[in-house]
Amino acid sequence: MTERIFNFSAGPAVLPEPVLEEAKQDLVALPGVGMSVLEISHRSRAFDAIIQGCEADIRGLAAIPDRYRVLFLQGGASLQFSMVPMNLMAPGGTADYIVTGSWGKKAVKEAQKVGAVHIAASTEADNFSRVPAQEELKLDPQASYVHFTTNETIEGVEWKTSPSTGAVPLVADASSDIFCRPLDVSRYALVYAGAQKNLAPAGVTLVIVRDDLLVRSPKSLPSMLDYSIHAKEKSLYNTPPVFAIYVMSLTLKWLIGQGGLEAMARRNEEKAALLYDAIDASGGWYRPHAKPDCRSLMNVTFRLPSEDLEKTFVSDAAGQGLDGLKGHRSVGGIRASIYNAFPRKGVEALAGFMKEFQRRNG
Ligand code: PMP
């Protein structure tokens, strides 16, 4: 078997090895079905069991109340930047956006094409190194909804508790930290996540939406962009990404087998601490991007004393089987993405490499 290296990519990202093994083993013929999951109809009984099992496991993992609908859509989290305002913005209304990084900015850009956007807070002046305090939020009680990004994948900045928005529906882009810890869905009107970091391969986007919001979708919306139609058709309005949903179903089973979201949170905190401790122990040689109280569990971002050293760090690390550590092209530096499926051994290897790299180059 080809040996696997440690994949620190921000997404698509590492999947649990037992999931890859099971998908491989059953790829040619699903047990009891005799056809590949790549070949079966999305209206077949076999796929029905897969998608329903997926929904049941998602509901179980996060104890999602019955009044929420679970949708499996396409178009990535990026399409949600448009679908959220198209469906939830009241005619002539406005929406509040809290911007803590590059993805939040993109969400604003798309929402502005649909309606009036009010920036309730932005930490751009601080180079997106923190999330705002509740007192900093300039929330409009008449807003159609408030949008924020639970974890900014590029900057590595994560909310530890979600903002309070009173009676105004709260919408979260949870693409890069969904299910990295318990998720109290009842705090939200809608949560969405592109699946290719913590849930599945690319191709499916999870949307969890409170059902009273579905009446807001204007009848004039194209069907594919209308949450109420996807909800009514149970995500089978058109052909869904069958394979991605199948792999998600295996990943959810793995997550349950790992002890669920509480257990996952403990492991993620331990993994992230190994890297933040290495940064903090470096005497300022490694400089963390995020302020301590909003350091991401999933994307650990830091700088070295020079860009040349950063380049050497990335290539030397790759030479030791630690791949994908280059920061996003828009911010530079180093980013270690350590999602749920990323093994602790790989984090330990990176922490060891960091110490050794500093010793050689510091
Ligand atoms: N939001 C966040 C927080 C992300 O990390 C990403 C992708 N990295 C996106 C949105 C866009 O996702 P997609 O590529 O699935 O459209």
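**Exercise 1.** Between which two strands does the loop that holds Asp 177 lie?

*Solution.* Asp 177 sits in the loop between β8 (170–173) and β9 (190–194). Strands (E, at least two residues) and helices (H or I, at least four) are DSSP runs, numbered from the N terminus. This is a predicted model, where local features need pLDDT of at least 70, side-chain atom pairs count only at pLDDT 80 or more, and totals for chains, interfaces and linings use all residues. Residues are numbered from 1 along each chain as its sequence is written, and side-chain values use heavy atoms, with hydrogens and water left out.

**Exercise 2.** Decide whether Asp 177 is buried or exposed, then list its contacts.

*Solution.* Start with the cut-offs: buried means under 20% relative accessible area, exposed over 50%, partly exposed in between (1.4 Å probe, protein chains only). Asp 177 has a relative accessible area of 5%, so it is buried. Next, contact means heavy atoms within 4.5 Å. Leave aside neighbours within four places in sequence; Asp 177 then touches Thr 150, Asn 151, Glu 158, Asn 198 and Met 298.

**Exercise 3.** Describe the protein chain as a whole, from its secondary structure to its burial and contacts.

*Solution.* First, the elements: the protein chain has nine helices and 14 strands. Second, the extent: its C-alpha atoms fill a box of roughly 65 × 55 × 30 Å along the principal axes. Third, burial: 53% of the 362 residues are buried. Last, contacts: of those with a separation of 6 or more, 67% join residues 24 or more positions apart.
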